[in-house]
Each structure stands twice: as C-alpha cells, then as structure tokens.
Amino acid sequence: MQRKEWLALVFLTGATLLFFWPVWVAGYYFPKGGGDLGGIWHPVWSFVARWIRQGVFPLWNPLLGGGDPLIGDPQYGLFNPLNWPLFLIHPLPYSLALLRAALPLWLAGVGTYFYLRRSPNWQLGQGAALFGATAYMLADPFIAHLGHPSFNDALAWFPWVLWGIDVAIRQTAKIPVAAFLLHLLVISGHESLLYGAAAAGLYGLWRVAEGGMTRSLHRLGRLALIGLLGFAFAAPTAFPVLERIPFTDRAGVPRELHRGYEFPPAMLVDFLAPSFHGRGVEQFWPSWNRVESGYIGAVALYLALLGLLGGIRERRMWVFIVLGTLAYLLAIGYRGPIYPRIDRLPLLAQAWKTARAIFVLSFALAVAAARGIEHLRQGRSPVPSIWLIALGTGAVALWLLAPSWVSIVPSGTPQLRALTGLRFASLLAIATAVLGWAASRRRSWAYAGLLLLLLAELVALGALVETEPAMPSGDDPHRAAIAFLKADPGWFRVEVDPSARGLWPPVFLRMEGFEVPQGVGNATELREFNVLRWSIPSATHPAYRMLGVKYLIVPKGAPPGGHGIWPIFVDDPLVDIHLNTLALPRVWLVYRTEVVQTYGEALERVLDENFRPEEIAVVQNGPHLEGSGQGRIEVGYYGPNDVVLHVETDAPALLVLSDTFYPGWQASVDSVKTPIYPTNAAFRGILVPPGTHRVEMHFRPQSLRVGLGLAAMGVLASLTLWLRERRRR
C-alpha cells in the first residue's frame, strides 16, 4: 500500500477517535441509558465468552426467558468475525464492548474510501475519497444506532460489497473476495442487511448492463456466482435464522400494525439541520416515532448538490440517484409506492421498519459529495460558478426564512434549537462557498479546509447525541444480595418485579449467571414463551409455579406477593428478595397428561385457575397418561447445548423441563432417541418408562448442519475457482 493510503487510514482512524472523544477523554459511555449494547449485546457476549473459556461453543442461552437459540439470532453474532476477539476474553469489560460498537464507523469510513479511491468505477482523488468517507462514517444512521452494532455492521460492509462487485465482475479471481464481503453484510443480522443487499444487487445489475451483450453475459455470470457463494458462506447463520423467524414475537405482529417506524417526509429538513426535530431521544419533539434522519453534514450536502450537477451526464452518478430515490421511497413505508407492494414477501414482511433504508440515501449523497470535491479539483466547467452563486443565495435565503420555518416547532428550547440549527447551516453554506471558490482555483489548502470543516461539523453536532456521563463507580449496592442468591446451590430462576427493574435491572442478574424469565424486549424473542409468561396474572397463579422462579426481587418494603411468598432477604438498600415456596423445581415428573392439538388450547388450559402442573401436564399431540407413581430426578449436567438427567420412576411418566420447546433439541433415553413434546404450552416433555434411566437432550439444529455443509461447499468452490484461475494465468 502506498504511503498516501496509509496517511488516509491514519486520518480516518483519527476522525473516529475524535468523534468518540467523550468516551476516551471524559469517561462517557454510549448509548444513553445503556440501550441494546448494555442490555443485550454485552451480556450475551459475556455469556458466550464464559462458555468458550470452558471449551463449549454455546448455541443456546438458558439465561434469557425460557431459553433462547443464540444461533438463530444473527444479531448476537456468533459467526461474526468482528466479535471473535471478544469471545476470547472473560470477564469481558464494558470498555471493549464500546470499542466494538465504535468499530463499524471506522470500517465504513475505510470501505467508502477504498470504494471511491480504488473502484474501477470511480478512482477519485484522495481528498475526494476522504471527504465522502468522512460524510458516510459519521452520518446519522450510524449515530442513531451506536448501541446496535449489528445494524451498523451492515451499513459498514455496504461500500465494501460495492467495491467487491466492481472488481469481481472484471476479474474472475476476485469473485471469492466479493462473495466473502457479501457474506459479512448478510451475517450482520439486522434487517438493514436486506436493504443493503438489495441496493448492492441493483448496483451489480447496472454494472452488468454497462457492456455489450457478450460482456454483459460474462458479468452476469460472475455476479450470480458472487451471490451464490456469498449466501453459501452465510448459510450457517442464515438457515437457523429462517428456522427461528416463525417462532418470534415479530412474526406474530399483524400486518396492519406494520407501521410506526417510517421516515416522515417532514424530516427531509433534518438532512440540512438535524436539530430541527431534535436530535437524540431527549430532544426529539414530534409525535411520530424517532427515526434516523440520514444527515451526512450540511457541508457534504452542499457539495453533493455540486456533484449531482457536475455529474448529471455520468451513468455512474445516475445509478446513485436511482438508488437514493428508491431508498427514500422505501423508507417512507406505506406513504410511498414501494413497500405496500412488497410487504408480503418473505423476510420483508418481518423487516417492516422501513425508515432504516434511509442509510442508502446517505451513502448516495456521500458519493455525490465526493464527486463534488472532484469536480472542484478538475475545474473544467462553469458548473462550480453556478453552484457558488446558488449556494450564496441559498445561504442568505435560509438565514432570512429560518424564523418562519421554525414556527411549526414547539416554542421554547425546541424552537430556539431549530432556529440555531438552520442559521448554523446558513453559515456553513457561506464557509463552504468561500472554500469552494478557492478550491475551484486550485488552492490546495481549500480542499483540506472543506474536509476539516465537515469533520468539525459532524463531531460538534454528533459526538454528544448518544453519549452520557458514566455512572459513578463505587461499591455494588447489591453485592450482599448477589452473595445470598449464589449461596443457594439449587437450580432455579430469579424474577425482577416490573416495579423493581429500575432498581435492579434483570440484565445484571444475567451477567451474574442467573436464569431470568424476562426477555429484553427484542422483537426476535420466542413468542410462545413470552405469551405464556405475560398471560400469567400473578405470582400466586398455578401456572406461575411452572416457571421455576424461586426468588422474586421487589422494591424495598414491598408487601408479600401472596400466599406462600414472603421476604427472606432484606439487607439490600434498594430491594428485598422474596422466597416463592410454591415454585416447582426446574424439572419434574407427572403421571397424568391431557392431550391437546394446538398451542392455543394448551395455553387456555394452563391458565385455568384449577390447573395443577405438579399433577398433570398438557401435551400437544403427545402421549396420554392416566396413572400415578413416584420418582426421583438427579441433574447430571445442564449447559447451553446439553442436558443430562438421571431419572428413576416406578411407572410411565412425563418428564417436564421448564425450558422452551424449540426445533433442534433432540432427546434420548438410555441412548435411544425419543420425541420431545410441547408441554404446558411452551415447555419440553419426554416420556420416560418405568425404571432407572439416563435422559439426555442435545441442541443440534438441522438448520445449522445444512448451513455448515453449504458453507463448506462454498469454500471448496472458491478454492477450485482460485486454482483454475491460477493455472489459466
């Protein structure tokens, strides 16, 4: 790599560090309130790291709800190479989780730079490529999702995929490289990957259509091979995801409720001044859901206008005009012409938060801004002069019209903030015009000035949006309570009462290794367990006994929750711990069953006030038992992927484990395979004959095995292709 390219990487690294100065310098953390990074990703990554340290690669997480198939949610990133360094560190410091969440911004900047600099389609100058890279990597879609690294991963790999397509459709030997980059976008796991993959596919088809008939057919074959190999590489992630989708909360959302996360056309003004509608959770004032604005900086927006004007006759510019337009029309959801026609398609039916597609428009504008810098550098047309006049006139008009524009904003601080944002954009227009005029006259310092002006704008307006001061360090107020719970050698769950979650969030119990029946609010959680859990009216209801919740965390001084529930630990300054004496063990035997056909029938039966889970089990399409008996269960092993139980019973019995029923779990009794039945609406049941037996359950999803097989075939095909090209050369 040339020295100039190394200097570009240094600049992008410095820009990333500068943007996160509140974290590195002031000890802040992000996102505000912890978000998904603190509530989901860090605990899950810590759980994976703990088991990998013990030599187990966990596919299932028993700490979350009734158990969760980690392998089926790509957002957890088990196969994401960016997460692998974290999985080797236990305990995992939160500072490393912050570093991991910041990484996609740097990757996006580097990818955009190399795309604009090295792609055969562009090959722009270094200054132009750095400008476009800075605009994209610090754009609002990244900032709004700092706590959601899987979302930002998809955005970060998008320019890399475009670069891979550009080089691979010209050189067969580069096809595996492009396929690997596509695979990285796909395994990011967020619905944004659908928008990115669709945009990359349209871009690839445009690149295919550029040549004559013979060349286009060759390019189409290479593009198809990129897609096939890319999705083959991603199959170990994709197949378990496809298996999981029908079981999730999101799959159960009716089509008529697929609204609320759409990009409002009124927010187009936020591309110019992101403070108009309020940036960040605390400042956002409109009645609609807060969505990312797509803002890339007013300076970049002005130069994007120049890039569009200067490149209006270029086909390479038109492809991004089309992609940006389509992204906007998709982002506005049901207000636009696209999503109502595709919302029933597989995957898209569940990925209905269409506002997130706006990142493609942000990228298109960043590319146009880079082209604007290049147009200034070339200086061979009257377009820059027209642009300068328009920019100066627009700056004056914006300053004068700003008071009338902000009349729709609530009075007080929101209105003052909006007015300040618009007038700041006006001043930036004047500064951009001055530097643009100097750049059009080949003043080298002016290019650097434009880049630094953009960086200063993005850092000043974005660095504090999602950050906040870290909580003061000190003694953990729950240290004694944790010690009390850990002193119990039993196998049980702990539940935090909703009124106590602000005092002791369930995530901290999971971090300590306790099983907690609450989820985290993720739309991809397993629906049947969640429906059962939140349909149980109280802790004294018979169905609550099935959850295995031995201890309840309640606010300080809260009265007992009912018969059989009383305070047992009151030395914590914020909460009390109540003992639930009615809780069943996590695994038990019953000798009577009631057979039903559907989940709805089972749910209705277990929610009956007269249901007695210790005496009878409701089994879907399972065995009918009508007897009595006695038995004993000894837990041999309980881990993320395997369960071993030693069971002794004097009559045929149904062994009930209060873990979620899910495809991929296989059971055996004395090494002989046996069915697992959906039991008590959401749990697992196994028929055990009289005698002493070893019962095993193993999580070995067929979807993962098929995915690994396809990935191996993809690797083999890539090696064959590489060897063939090497011999040919």
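Tutor: Ground rules before we start. This is a predicted model, where local features need pLDDT of at least 70, side-chain atom pairs count only at pLDDT 80 or more, and totals for chains, interfaces and linings use all residues. Residues are numbered from 1 along each chain as its sequence is written, and side-chain values use heavy atoms, with hydrogens and water left out.

Student: How many residues of helix 16 are buried?

Tutor: Helices here are DSSP runs of H or I with at least four residues, strands are E runs of at least two, and both are numbered from the N terminus. Helix 16 covers residues 358-378 and reaches 30 Å from first to last C-alpha, close to the 30 Å expected at 1.5 Å a residue (1.5 Å times one less than the number of residues). Buried means under 20% relative accessible area, exposed over 50%, and partly exposed in between, with a 1.4 Å probe and protein chains only. Helix 16 is largely enclosed by the rest of the structure, because the buried count is 19 of the 21 residues.

Student: Which helix gives the largest share of the nonpolar patch?

Tutor: Patches take residues with over 30% relative accessible area and no salt bridge, joining like charges within 9 Å and nonpolar side chains (Val, Leu, Ile, Met, Phe, Trp, Tyr) within 5 Å. This one holds Val396, Trp399, Leu400, Leu401, Trp405, Leu427, Ile430 and Val434, with about 760 Å² of accessible area together (Shrake-Rupley, 1.4 Å probe, only the protein chains shown counting as cover for residues). Two or more residues come from each of helix 17 (383-405) and helix 18 (413-440). The largest share, five residues, belongs to helix 17.

Student: Is Ile430 buried, partly exposed or exposed?

Tutor: Ile430 sits in helix 18. Its relative accessibility is 42%, so Ile430 counts as partly exposed.

Student: How far apart in sequence are the parts that Glu515 and Arg586 tie together?

Tutor: Their side chains meet in a salt bridge at 2.6 Å, N to O (a side-chain nitrogen of Lys or Arg within 4 Å of a carboxyl oxygen of Asp or Glu). Glu515 is in the loop between helix 21 (506-511) and helix 22 (527-535), and Arg586 is in the loop between strand 6 (575-580) and strand 7 (587-590), so the parts they tie together are apart by 71 residues.

Student: And in the Lys556 and Asp576 salt bridge, which residue counts as buried?

Tutor: That bridge is 3.0 Å, N to O. It links Lys556, in the loop between strand 4 (549-555) and strand 5 (565-569), with Asp576 in strand 6, 20 residues apart. Lys556 has 40% relative accessibility, so it counts as partly exposed. At 5% relative accessibility, the one that counts as buried is Asp576.

Student: Where is Arg605, the partner of Glu594?

Tutor: The two side chains meet in a salt bridge at 2.7 Å, N to O. Glu594 is in strand 8 (residues 592-596), and eleven residues apart from it is Arg605, in helix 23.
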